[in-house]
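Thank you all for coming; I would like to walk you through one structure this morning, slowly, and I will start with the overall picture only after settling one term.

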Amino acid sequence: MQWSLDQVRLFVSVAETCSFSAAARRLGRAQSAISSSIALLEADLGVLLFERSSGRQPRLTESGRALLDEAREILRHCERLESRALGLTQGEETRLRLAHDEAMPYQPIVNSLETLAAAYPFLDVQLASGAQGEVARKLLDRRADLGLMFHHEHMPDALERRRLSLVEMVTVCGAGHPLARHARITRQQLAQHRQILIAPYQSGYPGGEPISPHVWRADSFYVTAELVMRDIGWAWLPRHVARYPTYLNHLVELASDWTPPPLVVELVWRRDEPQGPAARWLGEHFAEQLQAIG
């Protein structure tokens, strides 16, 4: 292979401007030098790229049209290579693995990831969601670089965390549950019915202590919502989970004399692995998006 990247750039520029002279002005080169470079490229490739007629603008041949997309792709690969190399010299990550609690509000996450894709177009991203405890385990096992989770008291010492926002909790029951008939519910009334509580016992999540002596436990807010929807019991749920489209008209938010305090959303990472620029950037956008819906 004798042709060069510079010749490929010249080929694309002439094709886009439909003029050797216009390409020369765009690139700040002599027209004769561009014409010579294109001729050498054609000789190396063994095909004619442009039809040249006296007094007329160069037109792509059939071979030229077939090779133009390939030439553009070569240049895109070169740009990606240069951008990735520049990012590495500046300490930018090549990969970011994000784990988040499945009950986290989705819209702030997808909005932040959309802007991340534009800001870091060559960053490889891996996403994982899980029920309570999975995010911390993934970070501890080095299967994730950054986590979004709800605060609980028993955070491992190996993890660093930063508070981002609050998520409101509500008391809910199924539309057919006896509690749904009351305008306002007391603790005594709640205690008379089965409570579905987030698990495990050591979670330390707000509302971890039951009101009712009759308790079922689940490790997922969405599993809890499914059980409540079937009138098996009542529960405390994040408001956005209770209003998830699947549960509309099936769950009733109860006015109660006590509801757990809001869940605290935290950004979490390993203490011995400082965040790179993309992770820090994403953390700031998570904070902005979560506070906007708070």
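When I say that one part of the chain covers or touches another, I mean contact, and contact here means heavy atoms within 4.5 Å. Please also keep in mind that this is a predicted model.

With that term in hand, let us turn to helix 2, which runs through residues 20–27, and whose buried residues are Phe20, Ala22, Ala23 and Ala24. What covers the buried residues of helix 2? The cover includes helix 1 and helix 3, the latter being residues 31–45. I will take these two neighbours in turn.

Helix 1 is made of residues 5–17, and its axis comes within 8 Å of the axis of helix 2, the two crossing at roughly 120°. An angle from 65 to 115 degrees would count as roughly perpendicular, and helix 1 and helix 2 are therefore oblique to each other. As for the hand of this crossing between helix 1 and helix 2, it is right-handed. On the side of helix 1, the residues that take part are Leu10, Ser13, Val14, Glu16 and Thr17, and on the side of helix 2 they meet Phe20, Ala22, Ala23, Arg26 and Leu27. If we sort the residues of this contact by class, we find six nonpolar, two polar and two charged.

Is Ser13 buried or exposed? Its relative accessibility is 3%, and buried means under 20%, so Ser13 counts as buried.

Helix 2 and helix 3 pack with their axes 8 Å apart, at an angle of about 110°, and that makes helix 2 roughly perpendicular to helix 3. The crossing of helix 2 and helix 3 is right-handed. Here Phe20, Ser21, Ala23 and Ala24 in helix 2 meet Gln31, Ile34, Ser35 and Ile38 in helix 3, and the residues of this contact divide into five nonpolar, three polar and no charged. Just after helix 2 you will find Gly28, which takes a positive phi of about 65°.

Arg142 has a positive phi of about 60° although it is not a glycine, and Arg142 sits in the loop between helix 6, residues 134–140, and strand 5, residues 146–150. With a relative accessibility of 38%, Arg142 counts as partly exposed. Asp231, again not a glycine, has a positive phi of about 65°, and its place is the loop between helix 8, residues 221–229, and strand 10, residues 234–238. Asp231 counts as partly exposed too, at 33% relative accessibility.

Next, some residues that are brought together across the sequence. Cys78, in helix 4, which covers residues 62–89, is buried, with a relative accessible area of 14%. Its C-alpha atom is separated by 8.9 Å from that of Leu5, although Cys78 and Leu5 are 73 residues apart along the chain. Val110 belongs to helix 5, residues 106–119, and is partly exposed, with a relative accessible area of 43%. How many residues separate Val110 and Phe286 in sequence? They are 176 residues apart in sequence, and 9.6 Å apart in space, C-alpha to C-alpha. In strand 6, residues 159–167, we find Ser165, which is buried with a relative accessible area of 10%. Not counting residues up to four places away in sequence, Ser165 touches Leu263, Val264, Val265, Leu290 and Gln291.

Let me end with the whole protein, which has 10 helices and 12 strands. Its radius of gyration is 30 Å, well over the 19 Å that the globule rule gives for 294 residues, so the protein is more spread out than a compact globule. Along its principal axes the C-alpha trace spans about 95 × 45 × 30 Å. Buried residues make up 44% of the 294 residues.

Note on methods: Residues numbered from 1 in each chain as written. Predicted model: local features only at pLDDT ≥ 70, side-chain atom pairs only at ≥ 80, totals over all residues. Heavy atoms only, no water. Axes fitted to C-alpha atoms, helices over the stretch in contact; angles between N-to-C directions. Helix = DSSP H or I, 4+ residues; strand = E, 2+ residues; numbered from the N terminus. Parallel < 35°, antiparallel > 145°, perpendicular 65-115°, else oblique. Left-handed = near helix turned anticlockwise from the far one by under 90°. Nonpolar A, V, L, I, M, F, W, Y, C, P; charged D, E, K, R; others polar. Buried < 20%, exposed > 50% of the residue type's maximum accessible area, 1.4 Å probe, protein only. Rg over C-alpha atoms; globule rule 2.2 N^0.38 Å.
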